[in-house]
Amino acid sequence: MAEDILAKAMARPAIDGVRVIGVDGGAGSGKSTLAGQLAELSGAGLVEIDDFVSWDDFAGWWPRFDEQVLTPLLAGQDAHFQVRDWANDWRGGSLGGWKTLPWQPVVVIEGVTCTRLATEGRLAYGVFVDAPADLRLARGLARDHGQDHDVRELWERWLAEESDFFAADRTWDRADAVVNTGSDPASVTYRV
């Protein structure tokens with residue numbers, strides 16, 4: 001599946017010299033797995049939205065991402081961005097150190113709302129990864145199990161925020177490919 005998606009993305013023209021491939025979708029849908037596969041197969045750089053988002057800032061991180069990552073890459077420059085301090089702040093509310101992603105001709109960005117309307121005309125290819133909400137919740141709770149804090153309420157609030165955002169933004173309507181990880185095996189629908 002990842003090989004086919006990558007082939008379709010690489011067949012697209014670069015935008016301002018770079019092919020930015022966005023892998024969006026709800027938490028627990030399998031975005032990170034797919035994005036990692038795409039980056040590994042292509043040798044692309046990978047930027048994870050977890051470096052920007054926090055439990056208390058679902059969508060407001062976008063201006064910082066745009067300024068520090070997307071705009072520089074499209075200008076042929078390195079992306080130099082400040083990341084959330086997840087190690088010292090389990091809710092991700094604090095900023096920590098900096099990362100640099102050297103400019104390269106292919107970059108994968110991965111994370112919730114990373115293919116939002118503001119990216120229209122700026123991404124070479126967009127993928128929306130989906131699964132039923134109850135499955136995504138179970139995956140998320142399993143992933144966060146054993147931490148020193150209860151995250152069920154945060155996950156439930158997060159899923160509701162995602163649903164509202166995606167409905168208003170119509171994110172999946174712009175996706176070039178929609179991956180459903182709720183079936184076994186996962187399925188892909190190509191829009192174009």
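This is a predicted model: local features need pLDDT of at least 70, side-chain atom pairs count only at pLDDT 80 or more; totals for chains, interfaces and linings use all residues.

Trainee: Which residues of helix H1 are buried?

Mentor: In H1, which covers residues 2-10, the buried residues are Ala2, Ile5, Leu6 and Ala9.

Trainee: What makes these buried residues line one face of the helix?

Mentor: Viewed down the axis of H1, the buried residues fall within an arc of 100°, and therefore they line one face. In general, an α-helix has 3.6 residues a turn, so residues three or four places apart point the same way.

Trainee: Against which elements do the buried residues of H1 pack?

Mentor: They pack against helix H2 (31-42) and strands S1 (19-25), S6 (125-130), S7 (177-180) and S8 (187-190).

Trainee: How do H1 and H2 pack, and which residues make the contact?

Mentor: The two helices pack at an angle of about 65°, their axes 10 Å apart. Ala2, Glu3, Ile5 and Leu6 of H1 make the contact with Leu34, Gln37, Leu38, Leu41 and Ser42 of H2. By class, this contact has six nonpolar, two polar and one charged residues.

Trainee: Why is the pair Asp51 and Lys99 called a salt bridge?

Mentor: The cut-off is 4 Å between a side-chain nitrogen of Lys or Arg and a carboxyl oxygen of Asp or Glu. The closest N and O atoms of Asp51 and Lys99 are 2.9 Å apart, so the pair counts as a salt bridge. Asp51 is in the loop between strand S2 (45-48) and helix H3 (62-74), while Lys99 is in strand S4, 48 residues apart.

Trainee: Are Asp51 and Lys99 buried or partly exposed?

Mentor: Asp51 has 10% relative accessibility and so counts as buried. Lys99, at 37%, counts as partly exposed.

Trainee: What does the salt bridge of Asp57 with Arg84 tie together?

Mentor: The closest N and O atoms of Asp57 and Arg84 are 3.3 Å apart. Asp57 lies in the loop between S2 and H3 and Arg84 in strand S3, so the pair ties together parts 27 residues apart in sequence. Asp57, at 23% relative accessibility, counts as partly exposed, whereas Arg84 is buried at 12%.

Trainee: How many salt bridges are found in the whole structure?

Mentor: A search finds ten. Asp56, Arg157 and Glu161 are linked in a network of salt bridges.

Methods. Residues are numbered from 1 along each chain as its sequence is written. Side-chain values use heavy atoms; hydrogens and water are left out. Buried means under 20% relative accessible area, exposed over 50%, partly exposed in between (1.4 Å probe, protein chains only). Helices (H or I, at least four residues) and strands (E, at least two) are DSSP runs, numbered from the N terminus. The arc is that of the directions from the helix axis to the C-beta atoms. Contact means heavy atoms within 4.5 Å. Axes are lines fitted to C-alpha atoms, for helices over the stretch in contact, and angles run from 0 to 180 degrees between N-to-C directions. Ala, Val, Leu, Ile, Met, Phe, Trp, Tyr, Cys and Pro count as nonpolar, Asp, Glu, Lys and Arg as charged, and the others, Gly among them, as polar.
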